[in-house]
Amino acid sequence: MHRIYLAATMGYGLGSDDPEELAYYNRLRKEMDDMKKDSIKKGIPLTWDIPEGIE
């Protein structure tokens, strides 16, 4: 499992035809691609609208 994880995170090919290893590798690659697509919001949100009841 560690070998597959390292290959996926470093962008290497798997080099195995085992369906279980290949499925795990593809799942890791997909999760990493999804993380790259999601924007990460940092900092303090600047909203000037004060919710009702908070003063």
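A: Happy to. Arg3, Ile4, Tyr5, Ala7, Ala8 and Thr9 in helix 1 meet Glu21, Tyr24, Tyr25, Leu28, Arg29 and Met32 in helix 2, where contact means heavy atoms within 4.5 Å and helices are DSSP runs (H or I, at least four residues) numbered from the N terminus. The residues of this contact comprise 8 nonpolar, 1 polar and 3 charged. This is a predicted model, with local features needing pLDDT of at least 70 and side-chain atom pairs pLDDT 80 or more, while totals for chains, interfaces and linings use all residues. Residues are numbered from 1 along each chain as its sequence is written, and side-chain values use heavy atoms, leaving out hydrogens and water.

Now the geometry: the axes of helix 1 and helix 2 lie 9 Å apart, at an angle of about 35 degrees; they are lines fitted to C-alpha atoms over the stretch in contact, with angles running from 0 to 180 degrees between N-to-C directions.

Let's look at two residues of this contact. Alanine 8 touches Tyr25, Leu28, Arg29 and Met32, leaving aside residues up to four places away in sequence. With that same exclusion, arginine 29 touches Ala8 and Gly11. Arginine 29 belongs to helix 2 and counts as partly exposed because its relative accessibility is 24%, between buried (under 20%) and exposed (over 50%), using a 1.4 Å probe and protein chains only.

Note on methods. Helix = DSSP H or I, 4+ residues; strand = E, 2+ residues; numbered from the N terminus. Nonpolar A, V, L, I, M, F, W, Y, C, P; charged D, E, K, R; others polar.
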